[in-house]
Amino acid sequence: MLLYMSQPQEATPSPLHSVSVAGAVVREDGRLLAIRRADNGTWELPGGILELNETPEAGVAREVLEETGIHVEIDELTGVYKNTTRGIVALVFRCKPSGGTERTSSESTAVSWLTPDEVSDRMSEVFAVRLLDALDGNGPHVRSHDGKRLIPAG
């Protein structure tokens, strides 16, 4: 014990994580808001890195508006997802659209309202599950993935 306590703190660096937020925006007709990312062309939920001085709810509203032009009301946290490869923890909130007009941004080349089947067809599993989890009402879900596929719990 004394040997451990005499070690400088720098000897055991702490892992670093970033926190991101995303909106699972659900329209009254059940369609879900999705973007095609400008950097890699994949379909995902609108979202991004949470800024240091903002609440998760404010971060979701900001990110959805920036990427899609849609204003949202936050309903509830539906999932916590960790990318174990990149050290990103994503908080996903189910939201309702409350105004605005769909538009692309420097981060999105397309904005679309998808059916649950279209979500499963267009998105990789690790992103589709976030939207589908938001619909089932059994959250919040806690899942991990390696960037490509979900890691089984346990």
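Which helix lies across β2 and β7? In this predicted model, in which residues are numbered from 1 along each chain as its sequence is written, local features need pLDDT of at least 70, side-chain atom pairs count only at pLDDT 80 or more, and totals for chains, interfaces and linings use all residues. Side-chain values use heavy atoms, with hydrogens and water left out. The helix in question is α2 (residues 56-68), which runs at about 60° to β2. Axes are lines fitted to C-alpha atoms, for helices over the stretch in contact, and angles run from 0 to 180 degrees between N-to-C directions; contact means heavy atoms within 4.5 Å.

The secondary structure of the protein chain comprises 4 helices and 9 strands. Helices (H or I, at least four residues) and strands (E, at least two) are DSSP runs, numbered from the N terminus. From that terminus on, the elements follow the order α-β-β-β-β-α-β-β-β-α-α-β-β. Of the 154 residues of the protein chain, 38% count as buried, a term that denotes under 20% relative accessible area, with exposed being over 50% and partly exposed in between (1.4 Å probe, protein chains only). Among contacts between residues at least 6 apart in sequence, 65% join residues at least 24 apart.

Strands of a sheet pair through backbone hydrogen bonds, either parallel or antiparallel. Two strands are taken to pair if DSSP finds at least two bridges between them. An open sheet of 3 strands has the order β3-β2-β7, with antiparallel pairing. Its edge strands, β3 (43-44) and β7 (108-114), each pair on one side only. Strand β2 (residues 32-37) is joined to β7 by 6 bridges, and L33 has W113 in β7 as its bridge partner.

An open sheet of 6 strands is arranged in the order β4-β1-β6-β5-β8-β9, and its pairing is mixed. Here the edge strands are β4 (47-49) and β9, each of which pairs on one side only. Strand β5 (residues 70-83) is joined to β8 (residues 141-145) by 5 bridges, and these two strands run parallel; the bridge partner of V80 is V142 in β8. By contrast, β8 and β9 (residues 150-151) run antiparallel and are joined by 2 bridges, with S144 partnered by I151 in β9. The hairpin of β8 and β9 has 4 residues between the strands, and G147 takes a positive phi near 100° there. Antiparallel pairing also links β5 to β6 (residues 88-100), through 12 bridges, and E73 stands opposite K96 in β6.

Helix α4 packs on this sheet, where it touches β1, β5, β6, β8 and β9, and its direction makes about 175° with that of β8. Helix α2 lies across β1 (18-25), β4, β5 and β6, at about 110° to β5.

Helix α4 (residues 125-136) contains 12 residues and reaches 16 Å from its first C-alpha to its last, close to the 16 Å expected at 1.5 Å a residue; the expected span is 1.5 Å times one less than the number of residues. The buried residues of α4 include V126, F127, V129 and L131, and also R130 and D133. The helix is followed by G137, whose phi is positive, near 70°.
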